[in-house]
Amino acid sequence: QNGRRGNNVALCNFIASVVRNVDADVLCLMELRVSGTLAPIFQLQTSLINAYYLVGPGIQGAEWYCDWVPGCLTHNAMLPAYDPNRVGFTGQGRYEGYAVFWKQNIAKFLMQPADPHDNVAVNPPGFPPVAPGFTPNTQSAGVRARAAPAMGGINLLPGNMTVPVGAAQFHIPAGTIIGPGGIPGAGIPPGPTVAAGNLNAGIVIPAGTAFNGGPMTLNAPVLGVNPILIPSGYTLPAAFPLPAAGSFLLTPHVLSLVMSARPTDPAGNIANYNPGPAPPPNAWNLGLFPGTAGANLWNGSRRPAYCTLQVTAPGAPVNRLVPVTFYHTPVAGAVAAMARAAISRQAHEVYDWAAPGFIQNQRAMIGGDLNARLDPGAFHYALYAAPLGPPAGMNGGADFSHMGNANIRVNQPAPVPAPAFPPPPAALTQADNPENKSMIQLRHPIIGGQQVLSNNLDHYRRSAYDNILYRGLTPAESPRHTFYATVGGVQQTFRADLYDLVRAVSGVVPPGAGAPMAAGVDNFFIFAGIIQAFQHVPVWPVGGFVGGFGGGIIGLNGIENPVQLYADLLLGIFQPAAAGDPPAGPGPYAGPLPIPAVITAQRRAAEFIKRFVSDHLPVVFTMDL
């Protein structure tokens, strides 16, 4: 919620454009504040749906769902009965929560139901023991789905979405290209389908089938629409058996707070985790996480959130179940918070609904705004890479490693030579590499809080805080994301872990871009129309800038020349003037007061992203399973 963004349409369309550019399947959001209205969540979900809409007349391209959860477990003396589903927004949690959005594609993954609460694990201090077993997890606000316009557009999923019993459960449109061998069970030959048709549950669709004529849908309506199960434009990389009758496709609660963790004693020693195919029982306690003041609490402090992907991959369930945990660690206790997340149950185990029960999983990831400087050798990072089991000292970490290498997504080498700005420390580390810095700065404390007015986009990046740590994925299974950008008619390719939004609105390719590409799709720059929409947010004076600033700009602290920035919005790009960059003070990095009348285009791009979009750059993670 932020008044300067008005109805959030421009912002949500910008986010959807970023998601579309990287073709993301899952979007995790932090620092969610619900202040009496869910309108921003619904708007973002609608923007994501619309970003994939233009497939054909009346043909929806992809289905996007959403679930959100407040960030804190809550309890007070007036409510003596402890309830693991009682969550809320608290001052200790900075009134924050989390949201997850995902694009439905059952050929890639299903979003699992939220893990049930282990009654033994979540017994809090001071409460009598509860009965063994599990409690259904209803912490989240509930999955929102696209509904018929008569029902309001976005509504709560009324119950489990399952494959109906019977026949003809699935629908494929005309124009679908059936892969080699066809679908004998349905009497459909290979090649383009002339007419739309229906398929029964359990039928195998061959590899190479391309849904070029539109998406595959469920014939049974949900909320007045036939849900899209495989998006339009998707080609099956392998043969795909359609889910059986009665199997679940989606449930009303998928997002949850992390509840359980390995126990620690008063001295802070972490209890051992016993791995193996048949490990002895592992102990789990109600996890403690730091509040805003840094103290570890079970009640009222902000916890990580997580969801579990059931991916389409060969092998046992331990290979197909991937818990995705995301966390905004509090500034006061960031190192302790990272360590607490490393010993959370979701770093070690996943709930297998087919078993049913928790099993040791092979793949997992934890990420977010960690508020702790990137340092693979420091305790708060090393605990993730430490192997499972009982070695001396830590009793084992989370084993987020591969062949001895810590799996840290945003972890490019220390810069060589040292950057000229900001003043480098005595010993350079990975945290000093601009490619690892994820926060956008307009001032820099090392230079006395002076404004950064550089014509170098790297100088607007600060603090390597945003990251993802992961286990069970080889380098080939977790490649860096590939971006394509066309400059001067020449397409270039480069790989990155952070999506540099400042460059993306500047039309500038990051340094180190690879050789020109002969083919590919631009997926880096932000379309001008997406940027131009910000001219309509309510901070700008009605009727334009009459008499200079038209009475002043509300809520835009840090924008040095609003008229100049507004002119960039009208163009839809933040590029230098034809005459070249204006001077940036006595040095290329910061200028003395008064601020120059003409601000560098690079500064204006940084101002736009930080003030209108986000002060963090998004982390992009790819799984190729």
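Reader: Are Arg345 and Glu349 buried or exposed?
Author: The model is predicted: local features need pLDDT of at least 70, side-chain atom pairs count only at pLDDT 80 or more, and totals for chains, interfaces and linings use all residues. Residues are numbered from 1 along each chain as its sequence is written, and side-chain values use heavy atoms, with hydrogens and water left out. A residue is termed buried under 20% relative accessible area, exposed over 50% and partly exposed in between, with a 1.4 Å probe and protein chains only. By this criterion, Arg345 and Glu349 are both buried.

Reader: How far apart are the closest N and O atoms of Arg345 and Glu349?
Author: The two residues form a salt bridge, a term that requires a side-chain nitrogen of Lys or Arg within 4 Å of a carboxyl oxygen of Asp or Glu. For Arg345 and Glu349, the closest N and O atoms are separated by 2.9 Å.

Reader: Over which ring does the charged end of Arg345 sit?
Author: A charge sits over a ring if NZ of Lys or CZ of Arg is within 6 Å of the ring centre and within 35 degrees of the ring normal. The charged end of Arg345 is 3.7 Å from the centre of such a ring, that of Phe358.

Reader: How many residues apart are Arg302 and Glu96, which meet in a salt bridge?
Author: Their side chains meet at 3.6 Å, N to O. Arg302 is buried at 2% relative accessible area, and Glu96 is buried at 0%. Arg302 lies in the loop between strands S25 (296–297) and S26 (305–311), and Glu96 in the loop between strands S4 (87–88) and S5 (97–103); the pair thus links distant parts of the chain, with a separation of 206 residues.

Reader: How many salt bridges does a search of the whole structure find?
Author: One of the pairs is Asp500 with Arg503, whose side chains meet at 2.8 Å, N to O. Asp23, Asp25, Lys103 and Lys108 are linked in a network of salt bridges. For the whole structure, the search finds 20.

Reader: What is the angle between the planes of Tyr65 and Trp102?
Author: Rings of Phe, Tyr and Trp (its six-membered ring) pair if their centres lie within 6.5 Å; planes under 30 degrees apart count as stacked, over 60 as edge-to-face and the rest as tilted. The structure holds 24 aromatic pairs. Tyr65 and Trp102 form a tilted one, with a centre-to-centre distance of 5.9 Å and an angle between planes of 35°.

Reader: Why does the pair of Tyr65 and Trp102 tie together separate parts of the sequence?
Author: Both residues are buried. Tyr65 lies in strand S2 (residues 64–70) and Trp102 in strand S5, so the parts tied together are separated in sequence by 37 residues.

Reader: Which residues form one aromatic cluster?
Author: The cluster consists of Phe14, Phe534, Phe574, Phe608 and Phe612.

Notes. Helices (H or I, at least four residues) and strands (E, at least two) are DSSP runs, numbered from the N terminus.
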